[in-house]
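Here is a protein chain to explore by question and answer. Keep the sequence and the model side by side as you read.

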Amino acid sequence: QLQACGGGLVQAGGSLRLSCAASGRTLINHGMGWFRQAPGKEREPVAVIDWSGGRTYYADSVKGRFSISRDNAKNTVYLQINNLKPEDTAVYYCAATPGFWVITTAYRYWGQGTLVTVSS
C-alpha cells in the first residue's frame, strides 16, 4: 500500500513537499514515480526515480522546479515542489513498479493521490 500526503492550497511561487510511504510491501528494485492528473486531462508522469536513487526523470514542464528523492530505509519517496504555478494544480499520485519506467501504464502499485491547488 502506498500512502501519499503533503498536498494543499498554496499561492503561486510557493513550495510543497509531497511524501509517499509504502507499507506492507518491499520495494527492493522498484522504481517510484510521481504522476499528476489535472481536471479533464490524462494522468501524466512528473518525476521518476530508480531504486538506487541514481537515475531520475523529470517532465520538461517541471525541470528545475521539482526534485524527487527516496529513502529506502523508510520505504518513502519525496517530491519537493518549488516555484509552484497555477498549471501545477492537479491530484498527485505516487506509484511503484519493478525497474525504471516513465510511462504511466507500466506502474503496478498506486497510492490514493493528494491534491495540490495553486492559486494565482
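Strands here are DSSP runs of E, at least two residues long, and they are numbered from the N terminus. The model is predicted.

Q: In what order do the elements of the protein chain run from the N terminus on?
A: Start with the counts. The protein chain has zero helices and 11 strands. From the N terminus on, the order is therefore β-β-β-β-β-β-β-β-β-β-β.

Q: What radius of gyration does the protein chain have, and what would a compact globule have?
A: The C-alpha trace spans about 40 × 25 × 25 Å along its principal axes. A compact globule with 120 residues would have a radius of gyration near 14 Å. The protein chain agrees with that, at 13 Å.

Q: Among contacts between residues at least 6 apart in sequence, what percentage join residues at least 24 apart?
A: Contact means heavy atoms within 4.5 Å. Take the contacts in the protein chain between residues at least 6 apart in sequence. The share that joins residues at least 24 apart is 58%.

Q: Is the link of C20 and C94 right-handed or left-handed?
A: Both C20 and C94 are buried. The angle about their S-S bond is 60 degrees. The link is right-handed.

Q: Is R36 buried or exposed?
A: R36 is found in strand β4 (residues 30–37). Buried means under 20% relative accessible area. R36 is at 7%, so R36 counts as buried.

Q: Which residue's side chain makes a polar contact with the side chain of R36?
A: Leave out residues up to four places away in sequence. R36 then touches several residues, including E42, E44, F66, E87, D88 and Y92. A side-chain polar contact of R36 spans 2.9 Å. Its partner is D88.

Q: How many residues does the largest nonpolar core have?
A: Strands that each supply at least two residues of this core include β1, β3, β4 and β9. Residues with the most contacts inside the core include L2, M32, W34 and F66. L2 also contacts C20 and C94, among others. The core has 30 residues.

Q: How many residues are in the second, separate core?
A: F35, A95, F100 and Y107 are included in this core. The number of residues is five.

Q: Where is W101 found?
A: W101 counts as partly exposed, at 43% relative accessibility. W101 touches V48, A106 and Y107, leaving aside residues up to four places away in sequence. A polar atom of its side chain lies 3.3 Å from the backbone oxygen of P98. W101 is found in the loop between β9 and β10.

Q: What distance separates the C-alpha atoms of W101 and D50?
A: Along the chain, W101 and D50 are 51 residues apart. Their C-alpha atoms are separated by 8.5 Å.

Methods
Residues are numbered from 1 along each chain as its sequence is written. This is a predicted model: local features need pLDDT of at least 70, side-chain atom pairs count only at pLDDT 80 or more; totals for chains, interfaces and linings use all residues. Side-chain values use heavy atoms; hydrogens and water are left out. A disulfide is a pair of cysteine sulfur atoms within 2.5 Å. Buried means under 20% relative accessible area, exposed over 50%, partly exposed in between (1.4 Å probe, protein chains only). Helices (H or I, at least four residues) and strands (E, at least two) are DSSP runs, numbered from the N terminus. A polar contact is a pair of N or O atoms within 3.5 Å; within protein, one must be able to donate a hydrogen and the other to accept it, and residues adjacent in sequence count only if both atoms are side-chain atoms. A nonpolar core is a set of buried Ala, Val, Leu, Ile, Met, Phe, Trp, Tyr and Cys residues joined through side-chain atoms within 4.5 Å. The radius of gyration is taken over C-alpha atoms; the globule rule is 2.2 Å times the number of residues to the power 0.38.
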